[in-house]
Amino acid sequence: MGVERVQEIANFSKETIPEEFIRTTYEQPALTTVQGTVLEVPVIDLSDPDEENVVRAIVDASSNWGMFQVVNHGIPHETVRKLKEVGKAFFELPPHEKEAYAKSPGSQSIEGYGTKLQREVEGKKAWVDHLFHKIWPPSEINYQFWPKNPPSYRKNNEEYAKHMHGVVDKLFRCLSLGLGLEGNEMKEAMGGDNMVYLLKINYYPQCPRPDLALGVPAHTDMSAITILVPNDVQGLQACKDDHWYDVEYIPNALIVHIGDQVEIVSNGKYKSVLHRAKVNKEKTRISWPVFVEPPSDLEVGPHPKLVNEANPPKFKSKKYSQYCFCKLNKTPK
């Protein structure tokens, strides 16, 4: 044990929160959120038979926002409901059952149950506990980090992973075509069928001072793309034109973030989105992002077809594992 979980702290915090959770004034949601405006990020219908239409919408959203929501995406609502049901049930287990899946101290792996993820500037903490494990490909899966309770956890997660492929392929095809590349080239640049799907469950307990704390501080995702489903408690915020806005919750939509690797391969045409999560006084918020990532030893850099004398590379090529290490440890890239 030894590590204090936010879920436990929340049980004893009725009016105040520990000092280390109080963000600096330039981060506190109450002081930095544009009030009364919900950001209506582009909503894209993936079932639109006009592919050019879909490509245009995804290019526009990825270039100007770095984030969009997709509807009619082909993942059955029941599959998503079951994914959420078992994830929520895991976090409602007694502490000792959850600790069986805890990351061991000093582990290089990101997988497992935990609280702290990266080196936080100024020693501040985020109001969140999490569970990470890979759900694809089978060769990368380590079932020791998959909860055995509730019993349907594995089945429901495998079902979700199976349906995820269609969405991933469609998104990469559109991102690729939007750059003037062949439909498969963006996916191939990320490792093709060896891409890894890393699931994270973020569990943000009720917080007596949501005006002062953050569930996750401002960041861009290291992944290629992130595909996220939240519960119905609004909390996602995106930075647009240097201002923070609440992102509208749309039932049954998937939220897509452009991650750093797509920004790199596109040589900056697509932008990874700066976002953060706030917390709620009355309700627990939970989200299920899947980080679609290159294999750890794959070198990722601007696509050769997108670089020339007039458009030199804006990023260095780097192994994905090295990129992640630098970003998590706040060392120069």
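A: **Loops, rings and helices**

Asp 241 is placed in the loop between β9 (236-240) and β10 (243-247); helices (H or I, at least four residues) and strands (E, at least two) are DSSP runs, numbered from the N terminus. The model is predicted: local features need pLDDT of at least 70, side-chain atom pairs count only at pLDDT 80 or more, and totals for chains, interfaces and linings use all residues. Residues are numbered from 1 along each chain as its sequence is written, and side-chain values use heavy atoms, with hydrogens and water left out.

Asp 241 has a phi near 55°, a positive value in a residue other than glycine. Most residues other than glycine have a negative phi, and most peptide bonds are trans. With a relative accessible area of 61%, Asp 241 is exposed; exposed means over 50%, buried under 20% and partly exposed in between (1.4 Å probe, protein chains only). Asn 267 likewise has a positive phi, near 55°, and lies in the loop between α8 (260-265) and β12 (275-277). Asn 267, however, counts as buried at 2% relative accessibility.

An unreviewed UniProt entry lists residues 193-294 as "domain: Fe2OG dioxygenase". UniProt positions are given in the numbering used here, feature names are shortened, and annotations may be inferred rather than shown by experiment. The span of residues 193-294 is 6% helix and 45% strand, and its end C-alpha atoms lie 10 Å apart.

Cis peptide bonds are a further backbone feature. One joins Trp 136 and Pro 137, with omega about -5°, and another joins Asn 149 and Pro 150, with omega about 0°. Pro 137 lies in the loop between β5 (129-136) and α6, and Pro 150 is also found in the loop between β5 and α6.

Side chains form the next topic. Rings of Phe, Tyr and Trp (its six-membered ring) pair if their centres lie within 6.5 Å; planes under 30 degrees apart count as stacked, over 60 as edge-to-face and the rest as tilted. By this rule there are 9 aromatic pairs. Phe 90 and Tyr 113 have ring centres 5.9 Å apart and planes at 85°, so this pair is edge-to-face. Phe 90 lies in helix α4 (residues 77-91) and Tyr 113 in strand β4 (residues 112-114), so the pair ties together parts that are 23 residues apart in sequence. Phe 90 is buried at 0% relative accessibility, and Tyr 113 is buried at 2%. The rings of Phe 91 and Tyr 203 have centres 4.8 Å apart and planes at 10°, so they are stacked. Because Phe 91 lies in helix α4 and Tyr 203 in strand β6 (residues 196-204), this pair ties together parts that are 112 residues apart in sequence. Phe 91 and Tyr 203 are both buried. Ring pairs link Phe 90, Phe 91, Tyr 101, Tyr 113 and Tyr 203 into a cluster.

Charges also sit over rings, a term for NZ of Lys or CZ of Arg within 6 Å of the ring centre and within 35 degrees of the ring normal. Lys 240 lies over the face of Trp 65, at 4.8 Å from the ring centre. The charged end of Arg 154 sits over the ring of Tyr 143, 3.7 Å from its centre.
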